[in-house]
Structures are given as C-alpha cells and as structure tokens.
Amino acid sequence: MEVQLFARLRELAGAESISVTPVPASVAALRKKIAAEASPELREALEDPNVFCAVNKRVVGDEHPVADGDEVGFFPPMTGG
C-alpha cells in the first residue's frame, strides 16, 4: 500500500509517499506502523490528534478499516482564512 503524505508530513518524511506492507487493518494501526518506522519528527507529527486521514478521498477516523488498494493520505492541520 502506498500512503500519500501532504505538506509538512511530506517534508518530514523526505518523500511524497511511504510504502507499507503488510497492510494494517485500520487507520490507527497504519498510523502506528508508519510512526514506528519513521524519524522522531515524523513520528511526533503523526501522533498529533489533529493530523487527519483520508481513505478513498473521504476523511475518516482512526477506527476506519483499510485494505490493499485503498487510496490513503495523511494531512496535517490546515490554517488560514
């Protein structure tokens, strides 16, 4: 599974996406798996409860299931007016 990272998360990872295998069962498990293998800065960012996830272009909670073939992205909180 390719997980897309956006904005600051992309900068911290040094890549637009991260490949994850095997595919975890939920967004929470996916977040934990990526964080466990990430730099301390990216790990801290992913643990922020304001970082949200979209699965198949729909914002979902950490309990949402994920499957191989899903389009998944993590987004940092956005600001602006």
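Buried means under 20% relative accessible area, exposed means over 50%, and partly exposed is what lies in between. Keep those cut-offs handy for this tour of a predicted model.

F52 and F75 form a stacked aromatic pair, with 5.1 Å from centre to centre and 10° between the planes. F52 sits in strand β3 and F75 in strand β5, so this pair ties together parts of the chain 23 residues apart in sequence. F75 has 18% relative accessibility, so F75 counts as buried.

Next, select F6. The structure holds two aromatic pairs, and here is the other ring partner of F75: the centres of F6 and F75 are 4.3 Å apart and their planes meet at 5°, so these rings are stacked too. F6 is in the loop between β1 and α1 (8-13), 69 residues away from F75 in strand β5. With 28% relative accessibility, F6 counts as partly exposed. Show F6, F52 and F75 together and you have a cluster linked by ring pairs.

On to the largest nonpolar core, which has 20 residues. Pick V3, L9, L30, V72 and F74, the members that touch the most others. Then colour β1 (2-5), α2 (27-37), α3 (40-46), β3 (52-55) and β5 (72-75), each of which supplies at least two core residues. Which element gives the largest share? That's α2, with four residues.

Last stop: V3. Leaving aside neighbours within four places in sequence, V3 is in contact with E16, S17, I18, V20, L30, I34, V72 and F74.

Methods:
Residues are numbered from 1 along each chain as its sequence is written. This is a predicted model: local features need pLDDT of at least 70, side-chain atom pairs count only at pLDDT 80 or more; totals for chains, interfaces and linings use all residues. Side-chain values use heavy atoms; hydrogens and water are left out. A nonpolar core is a set of buried Ala, Val, Leu, Ile, Met, Phe, Trp, Tyr and Cys residues joined through side-chain atoms within 4.5 Å. Buried means under 20% relative accessible area, exposed over 50%, partly exposed in between (1.4 Å probe, protein chains only). Contact means heavy atoms within 4.5 Å. Rings of Phe, Tyr and Trp (its six-membered ring) pair if their centres lie within 6.5 Å; planes under 30 degrees apart count as stacked, over 60 as edge-to-face and the rest as tilted.
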